[in-house]
Each structure stands twice: as structure tokens, then as C-alpha cells.
Amino acid sequence: MSPLPETVPFFSQWETSDMTMDVLAEGAEVALRRDPLWQNSGAETPDEYAIWAANICGMACLKMILATRGEIVPTIELARRCTRYGGYVVTEGSIKGLIYAPFVSFVREVFGLQAEVMTNVATSYIPTILARSRFFIASVSSSIRWPEREPPSKGGHLVLVTAASDQGFRFHNPSGHTSAIQENAMLAPADFDRFFANRGIAVAI
């Protein structure tokens, strides 16, 4: 196997990555129907894309992981395949997920990734996780895009942590609103801790 690249490719959960503020202002199902790149997601219609895109931060993280080894798979194609394993529960008008345990089975069986659900994870332990796994998909508040603010709660959104030390955490945020908080965002451990829900998925490739 060829060595992994030094940098991890970034992908937004929206196909047009600068639409976050529109999504926040109007709601995903309104704003994303006019995303000119919606077909790149693997969706069959703009409506399907708009419904799914707000729920696929986890699939965006998986897309980035796969891209690290040269595989580019559209996010909604990943979401459909993950749903077959129970990673999402889709009912009329709602999508529940990402559900971690079925996701682990999905990525192992389909992509040969070694993944592990981790709970009760202290922020200080994340560097140890990354010492043995290439990535950590961390559950954080989506308001991590505004690190200067206090989050209303922890969890509900997923980011891909690519490096961590006592000095800082580096991560890709699929719903960041500026390039600085999308790709290779950096936070001090104490700041990351304010958003982190102490759970996630370690992934080795």
C-alpha cells in the first residue's frame, strides 16, 4: 500500500461548501435545493439532496477518510449504503442517525476499515486514540464553527479529527462556514473540550 498523504482531503457535507450561512438562515431543505452542484452528491433529485445533506456530516467524514486512500465516493451514495446496515433510520419526513455501531459494521464490511465506537472519552485521551488509529470522528456541537461562543449543548454533529496533541487539535468540519473552520481547523484542547460530547468513532485504514 502506498503511504498516506500528509494532508487529508476536505469535503463539505454540502456540495457547494460556502452555503453554510444560507443553510443556517433558511434551513437546509430550502437553501440546498438551489445548490448548483447537488448532483455531485449522488442524489437523484434536488429534494433528495436537500433532505439528506443536513444529516450526512458522518458520511462527509467517511468520504474524507476514503479520499485519503484515493477513493472518492459521493456522500449520499455512502448514506444509502450505510442505511442498509442500519446506520440511518429513514421514515417519512425524518432521518435518524448516524448510529455508530451499524456504521462500524458498514465500513468494515464494505471498505475494510477498522473502526471502534468509543464512549466516555476524555478530551485529553484523543491524542492517544490517534496514536493507534489514523482518525477520530468526534461528536461535537455544530456551534464549534464559532469557537469563541459557548455552545448550547454538546454533540449532534461530527467532525474528523486528523491530529491532536497537548498543544492543539486539528480537524475537518463538514459544516464550517469559512475555510478557516472547515479545513484543518485548529483549537486548543480546552476549547475543543467545550464542544466535545466525549464520544466518537476511531478509524484505522
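Tutor: In this predicted model, K63 lies over the face of F11, 4.3 Å from the ring centre. A second contact of this kind involves W146: the charged end of R149 sits over the W146 ring, at 4.0 Å from its centre.

Next, the contacts between rings. Searching the whole structure gives seven aromatic pairs. One of them joins Y85 and F106, with 5.5 Å between the centres and 50 degrees between the planes. That angle makes the pair tilted, because stacked requires planes under 30 degrees apart and edge-to-face requires over 60. The pair links distant parts of the chain, 21 residues apart: Y85 belongs to the loop between α5 (75–84) and β1 (88–91), while F106 is in helix α6 (residues 100–111). As for accessibility, Y85 is partly exposed because its relative accessibility is 33%, whereas F106 has a relative accessible area of 0% and is therefore buried.

F192 and F196 make another tilted pair, 5.7 Å from centre to centre with planes at 40 degrees. F192 has 0% relative accessibility, so this residue counts as buried; F196 is buried too, with a relative accessible area of 0%. Both rings belong to one aromatic cluster, formed by F136, F169, F171, F192 and F196.

Key. Residues are numbered from 1 along each chain as its sequence is written. This is a predicted model: local features need pLDDT of at least 70, side-chain atom pairs count only at pLDDT 80 or more; totals for chains, interfaces and linings use all residues. Side-chain values use heavy atoms; hydrogens and water are left out. Rings of Phe, Tyr and Trp (its six-membered ring) pair if their centres lie within 6.5 Å; planes under 30 degrees apart count as stacked, over 60 as edge-to-face and the rest as tilted. Helices (H or I, at least four residues) and strands (E, at least two) are DSSP runs, numbered from the N terminus. Buried means under 20% relative accessible area, exposed over 50%, partly exposed in between (1.4 Å probe, protein chains only). A charge sits over a ring if NZ of Lys or CZ of Arg is within 6 Å of the ring centre and within 35 degrees of the ring normal.
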